[in-house]
Amino acid sequence: MHKAINASSTFLMMIDIQERLMPAIYNKDEVVSNAVKILTAAHELSVPSIVSEQYPKGIGPTLPELKSLIPQDSTIMEKVEFSCCESPKFGDAFLNLSFGSGTKDTAVLFGVETHICVLGTAIDLIEKYNLNVVIAADACGSRTEQNHKLALEAARSAGCFVVPTETVIYHMLRKAGTPEFKALLPLFK
């Protein structure tokens, strides 16, 4: 049973959307477009974020068009581990989120590669932190479509709530007619 996605109890994890990795991702334009939507919603709804960069010396930094949208108080974490949770920097980043802005029991994951870092992080968040994990499926990608789809199936089997970006954002909004809804509506037109 999945809990509701409430902006107040949610944090985002943008995983490894980096300059030298993205050209190899089969659905890269969709991933970047949906990452923009999620980061824009995070800013509008004050949802905190953790951003990971896998070995940025070799793979490069986060894409510039996304880096400028990352909320200011976000943790940007360099790592060599495939699961973000295995990075020594993750524990402090998670504690800062949970105590800085109230308890966070839901993680929304998006990024690359779905079958490696996204899936590994999702499973660890469930097993080690007992979190509700949501994967924005169309904001994730792998080098092959098959790897992406298999990883989404595995994530669902592991207990993740696997949904489109639009579902994530509308569930965080909760209702129409608010200033936040009006600000984010252009993302979906």
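**Figure 1. Strand β1 in the predicted model is largely enclosed by the rest of the structure, because six of its six residues are buried.** The strand spans residues 10–15, and the model shown here and in the following views is predicted. Burial extends to both faces of β1. Thr10, Leu12 and Met14 are buried on one side, while Phe11, Met13 and Ile15 are buried on the other.

**Figure 2. Strand β1 is joined to β4 by six bridges and to β2 by four.** Strand β4 comprises residues 106–112 and runs parallel to β1. Within this pairing, Phe11 lies opposite Ala107 of β4. Strand β2, residues 49–54, is likewise parallel to β1, and Ile50 of β2 is the bridge partner of Met13. Between β1 and β2 the chain passes through α1, forming a β-α-β crossover that is right-handed.

**Figure 3. An open sheet of six strands has the order β3-β2-β1-β4-β5-β6.** The strands pair in parallel. At the edges are β3 and β6 (161–163), each of which pairs on one side only. From one strand to the next, the twist averages 20°. Helix α1 packs on the sheet and touches β1, β2, β4 and β5 (132–141); the direction of α1 makes about 135° with that of β5. Helix α7 also packs on the sheet, where it touches β1, β4, β5 and β6, and its direction makes about 135° with that of β5.

**Figure 4. Helices α1 and α7 pack with their axes 10 Å apart.** Helix α1 covers residues 28–45 and helix α7 residues 165–173, and the angle between them is about 10°. The two helices are therefore roughly parallel. On the α1 side, the contact is made by Asn34, Lys37, Ile38, Ala41 and Leu45; α7 contributes Thr165, Ile169, Met172 and Leu173. By class, the residues of this contact are six nonpolar, two polar and one charged.

**Figure 5. Pro71 occupies the loop between α3 (64–67) and β3 (75–79).** This proline counts as buried because its relative accessibility is 10%, under the 20% cut-off. Leaving aside residues up to four places away in sequence, Pro71 touches Leu39, Ala42, Val47 and Ser49. Pro71 and Phe110 are separated by 39 residues in sequence, and their C-alpha atoms are 15 Å apart in space.

How values were computed. Residues are numbered from 1 along each chain as its sequence is written. This is a predicted model: local features need pLDDT of at least 70, side-chain atom pairs count only at pLDDT 80 or more; totals for chains, interfaces and linings use all residues. Side-chain values use heavy atoms; hydrogens and water are left out. Axes are lines fitted to C-alpha atoms, for helices over the stretch in contact, and angles run from 0 to 180 degrees between N-to-C directions. Angles under 35 degrees count as roughly parallel, over 145 as roughly antiparallel, 65 to 115 as roughly perpendicular and the rest as oblique. Contact means heavy atoms within 4.5 Å. Ala, Val, Leu, Ile, Met, Phe, Trp, Tyr, Cys and Pro count as nonpolar, Asp, Glu, Lys and Arg as charged, and the others, Gly among them, as polar. Buried means under 20% relative accessible area, exposed over 50%, partly exposed in between (1.4 Å probe, protein chains only). Two strands pair if DSSP finds at least two bridges between them. A crossover is right-handed if, with the strands pointing away from the viewer, the path from the first strand over the helix to the second runs clockwise.
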